[in-house]
Amino acid sequence: MGRLARQPRRRSPRRTSTSLVVALVLVGLAAAGCGSGSGTSDSATTVAAHAGAGIRVTNARIPAPANPDTAAVYLTITNGTDHDVVLESVTTTAGGHAEVHRSSDENGMATMAPAGPMTVDAGATLVLEPGGYHVMVMNPTRSLQVGDHVSVTLHFRGAQKVVTTARVVAPSDVVAGGDGHGDAESDDAHGH
Amino acid sequence: MTPPPARPVTRPGLRRGLWIASVVVIVISAIAITVAVRRGADDGGRRASDPVFRAATVMPDPLPLPTQAAPDTAGVSTPLATRPDAGHLSLLYFGYTHCPDVCPLDMASLAAALEELPEAQRAKIRVVFASVDPERDEPAALERWLAAYDPTFIGVTPPLAETNATLAKLGYAAVTTEPIPGSDGYAVSHPAGVYVYTPDGRAHVAFFGTNAPTDVADDLTRLLGGWDPSWVD
């Protein structure tokens, strides 16, 4: 399963004031995110639970690939329904072949393999993020430059699909903002 | 009615103001000194229990220095890792450019961290990316790929058999390839870390995955001072 949350990193005493400012800014961002309904996975979970929403896909982003033959899409799936859902496949307007893969560590060696159909339990959130699950796009036919948008469709079992828009961002933005607080914008989508 | 005598406010008022100002200055100084002292105490107190590194992972068994050299993207034979001079570091990563998830973000994470460092420190850190996919990583393509992160990263494309021999010496399994269904591509396994060699000729720590650039930069700054065995007591 994807990791659901990141621990805030502890700062040294000499950075207390900086941390405080950063914390206040983050609180502000989080508040803004909740207000617009497009914030972190936490706020997405809350919204889904309250609204009884369907499957929501948020925070979709693609680090601009340095190798045009391969790209990865990261996103967050929140299952706001009262039943488990199974993600069977993914298609994108980037062209090529898309598939959910999982990176893992085997005795210090990084490996990657297709993840197969993925179940998201009722009420659960699955985070596709660096070093874990991701949608691998092989041989995209479109060039993917920072600022571009790619439509991503997640096909769930039972002919249900969810469409979201992934923004192509600088890889460093994914590194620094991997928890959704960074520059990466998310576009919410609901099941049909 | 005579107006009430003007109260002689000026001089005593000024005095009182000066007195109050002095007290304020003294109080503020006292607070500042107290805070500084307590902060120092906190710092000292925490250092003992804090992990030494913010992002780096200490390897249970430090890696020896590889002896392997391979052609860089200009075709010049280049050691994968050099024993760094005092005040320098040699960083080694094994990866491939068709890697969609791990390698690009590891490189982006490292590049972002190096940008945090002052140029004088940055210039003392050598970074080598050794391809585990010499089949597809043509020198020109590798150079372009690395330049997207940091043009000073050195790309080398050793024959896979030599890399596997090195990996065995470092304690890692040989590289394996796995076809990716539905495409003509394949995934390649590779050691997961950015290994940091210090002047003692060992990699005691590595960075795994993506980390906050400032955390990595702090760790690199610390490591630029050389490896301190007391860090792993």
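Reader: Is D133(B) buried or exposed, and how should I read its relative accessible area?

Author: In this predicted model, D133(B) has a relative accessible area of 3%; because burial here means a value under 20%, D133(B) counts as buried.

Reader: With which residue does D133(B) form a salt bridge, and how far apart are the closest N and O atoms?

Author: The partner of D133(B) is R136(B), and the closest N and O atoms of this salt bridge lie 2.7 Å apart, which can be read against the 4 Å cut-off for such a pair.

Reader: How many salt bridges does the structure hold over all chains?

Author: The total over all chains is 4. One of them, in chain A, joins the side chains of E88(A) and R157(A), with N to O at 2.8 Å. E88(A) belongs to strand β3 (residues 85-92) of chain A, whereas R157(A) sits in the loop between β9 (149-156) and β10 (160-169) of chain A, so this pair ties together parts that are 69 residues apart in sequence.

Reader: What is the relative accessible area of E88(A)?

Author: The value for E88(A) is 43%, which makes this residue partly exposed.

Reader: In chain B, which residue forms a salt bridge with D150(B), and how close do the N and O atoms come?

Author: D150(B) pairs with R122(B), and their closest N and O atoms are 3.0 Å apart. This pair links distant parts of the chain, since D150(B) lies in the loop between α4 (139-147) and β6 (154-156) of chain B and R122(B) in helix α3 (residues 119-122) of chain B, 28 residues apart. Both D150(B) and R122(B) are buried.

Reader: Turning to the folds of the individual chains, how many helices and strands does chain A have, and in what order do its elements run?

Author: Chain A has 3 helices and 10 strands, and from the N terminus on they run α-α-β-β-β-β-β-β-β-β-β-β-α. Of its 192 residues, 46% count as buried, and of the contacts in chain A with a separation of 6 or more, 70% come from residues 24 or more positions apart.

Reader: What are the corresponding values for chain B?

Author: Chain B contains 6 helices and 11 strands, and 44% of its 233 residues count as buried. Among its contacts between residues at least 6 apart in sequence, 72% join residues at least 24 apart.

Reader: How should I read the size of the interface, and how much area do chain A and chain B bury between them?

Author: The size of an interface is often given as the accessible area lost when the parts come together. Chain A and chain B bury about 3,100 Å² between them, with 59% of that area on carbon and sulfur atoms. The contact draws 40 residues from chain A and 41 residues from chain B.

Reader: With which strand of chain B does β5(A) pair, and in which sense, parallel or antiparallel?

Author: β5(A) pairs with strand β9 (residues 190-191) of chain B in the antiparallel sense, over 2 bridges. Within this pairing, A110(A) stands opposite H190(B) in β9(B).

Definitions and conventions: Residues numbered from 1 in each chain as written. Chains lettered and ligands numbered in written order. Predicted model: local features only at pLDDT ≥ 70, side-chain atom pairs only at ≥ 80, totals over all residues. Heavy atoms only, no water. Contact = heavy atoms within 4.5 Å. Buried area = accessible area lost by both parts, 1.4 Å probe. Pairing = 2+ DSSP bridges. Helix = DSSP H or I, 4+ residues; strand = E, 2+ residues; numbered from the N terminus. Buried < 20%, exposed > 50% of the residue type's maximum accessible area, 1.4 Å probe, protein only.
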